[in-house]
Amino acid sequence: MDELRVIKAWLAERKKMKPETDAFFISERRSPLSRKTAWLFIKHYGELADLPLSAHPHMLRHACGYALADQGADTRLIQDYLGHRNIQHTVRYTASNPARFERLWK
């Protein structure tokens, strides 16, 4: 998986920086990356990608929910993973994927 390779490479690079925190994302000053900085990065890279709308961090949460649903994850598992108290907030991810029923009859 490309994602795992990139994460391992980042962790090796991060270790060389000798951060003062356990935070996964750190600044050049070796402190946790601020919410504002993360927001600005996502917005900036969304603009560079020429997305038709302004990107924001919550989009990553939605992308995760849809990806889990597309992989066939159970609605309750997605609910727990995303920390939704109300299952109705989770159903949007699974309701948009009719292919989730395909495996029922195989």
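At 59% relative accessibility, E20 counts as exposed (buried means under 20% relative accessible area, exposed over 50%, and partly exposed in between, with a 1.4 Å probe and protein chains only). The structure is a predicted model, in which local features need pLDDT of at least 70 and side-chain atom pairs count only at pLDDT 80 or more, whereas totals for chains, interfaces and linings use all residues. Residues are numbered from 1 along each chain as its sequence is written, and side-chain values use heavy atoms, with hydrogens and water left out.

A search of the whole structure finds four salt bridges, each defined as a side-chain nitrogen of Lys or Arg within 4 Å of a carboxyl oxygen of Asp or Glu. One of them joins the side chains of E20 and R30, at 2.7 Å from N to O. Both E20 and R30 lie in the loop between α1 and α2 (35–48), so the pair ties together parts that are 10 residues apart in sequence; R30 is partly exposed, its relative accessible area being 31%.

Within helix α2, K43 and E47 are four residues apart, about one turn of the helix (helices are DSSP runs of H or I with at least four residues, numbered from the N terminus), and their side chains meet in a salt bridge of 3.9 Å, N to O. K43 is partly exposed, with a relative accessible area of 33%, while E47, at 52%, is exposed.

In helix α1, E13 and K16 lie three residues apart and form a salt bridge whose closest N and O atoms are 3.8 Å apart.

Conventions
Helices (H or I, at least four residues) and strands (E, at least two) are DSSP runs, numbered from the N terminus.
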